Amino acid sequence: DRVFHHIYMERDCYYILRDDRNIQKCLGDDTKVLLLGDSTTHGLLQEALTMWSEVKPYINGLNKSEGCSFKPTWVPRKRKKISLWSSQVCSHRGETLLNDVVLDGRAAVSSPAQLFRTPQCQGLANLADSTISSRFAKLLQPYDILVLHSCSHDLCNYNYAKPRLLEQYRQNLRRLSKILRKYAPEKRIIWLSCPAQSGLNSTWMFTLTQVFKWRMDRIAFEMCKANGWEFIDGFS
């Protein structure tokens with residue numbers, strides 16, 4: 001398959017890690033990138049903050065691994081462990097509260113919202129809500145490059161029956177396409193593939209069913225091909 005490489009990958013296949021100077025040179029003086037989706041895109045933001053941003057999500061510059069790490073601490077007087085995070089910029093969920101990757105003094109890459117994460121197990125179906133779809137369309141406007149992703153919450157079935165999951169995903173992508181064609185016709189649009197979750201050997205959660213994610217990737221790729229957008233198979 002010329003698009004996907006799920007079964008076999010060359011041993012020397014790897015991604016080149018770029019530093020902040022490379023990213024700044026690539027984006028220039030005014031190009032702005034939007035990362036929008038769910039916890040996957042938010043995780044990419046945290047990586048970008050650590051690798052590139054002038055404003056970091058950790059306290060100690062000598063210990064870059066401490067950004068939003070969970071540190072349960074035993075408190076004798078309370079006789080229990082209290083949840084502490086290693087940085088003052090982390091939420092109670094251990095996620096950075098910073099939304100912007102700052103390069104040369106400006107917000108070059110931003111992830112201001114996770115519209116496909118809450119409510120959970122809805123994913124792109126959240127765009128059926130006119131309030132969310134209006135907010136989504138407004139969020140797109142200041143950016144030149146849109147990096148979008150939605151997968152696990154489209155697959156998740158916690159409290160939701162999804163007997164026609166793949167067909168519903170296709171319909172939700174059509175709704176997304178309609179919004180993008182109307183509100184982002186001149187922007188560069190990049191779709192990120194579904195991420196594997198906890199490997200391929202366990203299915204204790206429905207979102208671990210990798211075969212569904214591969215099929216969802218194919219449907220999303222077809223959407224991108226039909227609209228002239230880019231598809232990045234970055235996780236399989």
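This report describes backbone geometry, charged residues and salt bridges in a predicted model.

## Basis of the model

Local features are reported at pLDDT of at least 70 and side-chain atom pairs only at pLDDT 80 or more, whereas totals for chains, interfaces and linings use all residues. Residues are numbered from 1 along each chain as its sequence is written, and side-chain values use heavy atoms, with hydrogens and water left out.

Most residues other than glycine have a negative phi, and most peptide bonds are trans. Against this background, the peptide bond between Thr-118 and Pro-119 is cis, with omega at about -5 degrees. Pro-119 is placed in the loop between strand 5 (106–110) and helix 3 (130–140); helices (H or I, at least four residues) and strands (E, at least two) are DSSP runs, numbered from the N terminus.

The loop between strand 5 and helix 3 also holds Cys-121, a non-glycine residue with a positive phi near 65 degrees. Cys-121 counts as buried, at 0% relative accessibility. Here buried means under 20% relative accessible area, exposed means over 50%, and partly exposed lies in between (1.4 Å probe, protein chains only). Asp-104 likewise is not a glycine and has a positive phi, of about 55 degrees. Asp-104 belongs to the loop between strand 4 (100–103) and strand 5, and it counts as exposed because its relative accessibility is 59%.

Asp and Glu count as negative, Lys and Arg as positive, and His and the chain ends are not counted.

Asp-38 lies in the loop between strand 1 (33–36) and helix 2 (39–51). This residue is buried yet has no salt bridge, and the nearest side chain of opposite charge, that of Arg-117, is 7.2 Å away. The Asp-38 side chain does reach the backbone nitrogen of Thr-40, at 2.9 Å.

## Salt bridges

The whole structure contains four salt bridges, each defined as a side-chain nitrogen of Lys or Arg within 4 Å of a carboxyl oxygen of Asp or Glu. Glu-167, Arg-170 and Glu-222 are linked in a network of these contacts. Glu-167 and Arg-170 meet at 4.0 Å, N to O; they are three residues apart in helix 5 (residues 165–183), and therefore separated by about one helical turn. Between Arg-170 and Glu-222, the closest N and O atoms are 3.3 Å apart. Because Arg-170 lies in helix 5 and Glu-222 in helix 6 (residues 210–227), this pair ties together parts that are 52 residues apart in sequence. Glu-167 is partly exposed at 27%, as are Arg-170 at 23% and Glu-222 at 35%.

Another salt bridge joins Glu-230 to Arg-188, with the closest N and O atoms 2.6 Å apart. This pair links distant parts of the chain, since Glu-230 is in strand 8 (residues 230–232) and Arg-188 in strand 7 (residues 188–192), 42 residues apart. Glu-230 is partly exposed, at 28% relative accessibility, and Arg-188 is partly exposed with a relative accessible area of 43%.

Conventions
A polar contact is a pair of N or O atoms within 3.5 Å; within protein, one must be able to donate a hydrogen and the other to accept it, and residues adjacent in sequence count only if both atoms are side-chain atoms.
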